[in-house]
Amino acid sequence: MDDSCRAAIERAFARIAADAHLNAWSYLAVDEAMQAAHESDRLIAAGKPRSPFEGCAIAIKGNIAVRGWPHEGGLPGRSGLRAAADAPVGELLRAAGAIPIGLTTMDAAAAGAAGLCDKGPIRNPRRTSHSAGGSSGGSAAAVAAGHVEYALGTDTIGSVRIPAAFCGIAALKPSTGRVGTRGVLPLPPEFDHVGPMVAPT
């Protein structure tokens, strides 16, 4: 099997297409991701990977700003709005060589835990008749389904921990201030956190 970054990203998009019924993704950046994968392959071949995350596909929750991508936070009233710049957490991931491949679906405004978006329920890959949880349900479903190994979610009162538990993956709500929230659409800013969601090993 081809173990290049480009081939891995291609396989990720193929899995996503096959799992469209999960409703895990709201936006995919195919061309951008493939270009980034080509750069990762070049750096790895030269023996100069930027970090252990070089070439790794990552999912980003839909309320986190990614330059040029929709920045809607699951809110129909923000339809068509695009982010002018990456959130700092996204900048750090890009600098480490990680490849954001798209935005995941979420409860509107991150204000729910049911795993519902404007296009219907986000389905749990472990049992599609069940909820993926919320509000970071799309990120949890993407990891649990094997689309990506890593995803970003946000947590105000449980929104990375609930879907992680529902979908059987690992997640963390970092200590306050440990991960910056600039570029994240706020709920109550004093309680908002950005947290990682990963496949258990």
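What volume does the largest cavity have? About 50 Å³. Here are some notes to go with the structure above.

1. Before you start: this is a predicted model, in which local features need pLDDT of at least 70 and side-chain atom pairs count only at pLDDT 80 or more, while totals for chains, interfaces and linings use all residues. Residues are numbered from 1 along each chain as its sequence is written, and side-chain values use heavy atoms, with hydrogens and water left out.

2. Now the holes. The structure has two cavities of 30 Å³ or more. A cavity here is a set of points, on a 1 Å grid over the protein atoms alone, where a 1.4 Å probe fits but cannot get out. Its volume is the space filled by probe spheres set on the points, which are joined across faces, edges and corners.

3. Take the largest cavity. Its lining residues (those with an atom within 4 Å of a point) include Asn63, Ala109 and Ala110, the run Thr154, Asp155 and Thr156, and also Val184, Leu185, Pro186 and Leu187. Asp192 and His193 belong to that lining too. By type, the lining has six nonpolar, four polar and two charged residues. (Nonpolar is Ala, Val, Leu, Ile, Met, Phe, Trp, Tyr, Cys and Pro; charged is Asp, Glu, Lys and Arg; polar is the others, Gly among them.)

4. The second largest cavity comes in at about 30 Å³. Look for Ile60, Ala65, Val66, Asp86, Gly90, Arg94 and Pro100 around it. They split into four nonpolar, one polar and two charged.

5. On to the rings: the whole structure gives two aromatic pairs. Rings of Phe, Tyr and Trp (its six-membered ring) pair if their centres lie within 6.5 Å; planes under 30 degrees apart are stacked, over 60 edge-to-face, and the rest tilted. Tyr27 and Trp69 make a tilted pair, 5.5 Å centre to centre with 55° between the planes. Tyr27 sits in strand E1 and Trp69 in the loop between strand E2 and helix H3, 42 residues apart. (Strands, at least two residues, and helices, H or I with at least four, are DSSP runs numbered from the N terminus.)

6. Is Trp69 buried or exposed? Trp69 counts as buried because its relative accessibility is 1%, and buried means under 20% (exposed is over 50%, partly exposed in between, with a 1.4 Å probe and protein chains only). Tyr27, at 23%, is partly exposed.

7. The other pair, Phe53 with Tyr150, is edge-to-face: 5.3 Å between centres and 70° between planes. Phe53 lies in the loop between helix H2 and E2, and Tyr150 in strand E8, 97 residues apart. Phe53 is partly exposed at 36%, and so is Tyr150 at 26%.

Notes: 1 Å grid on protein atoms, 1.4 Å probe; cavity = no way out; pocket = protein on both sides within 12 Å on 5 of 7 lines; lining within 4 Å.
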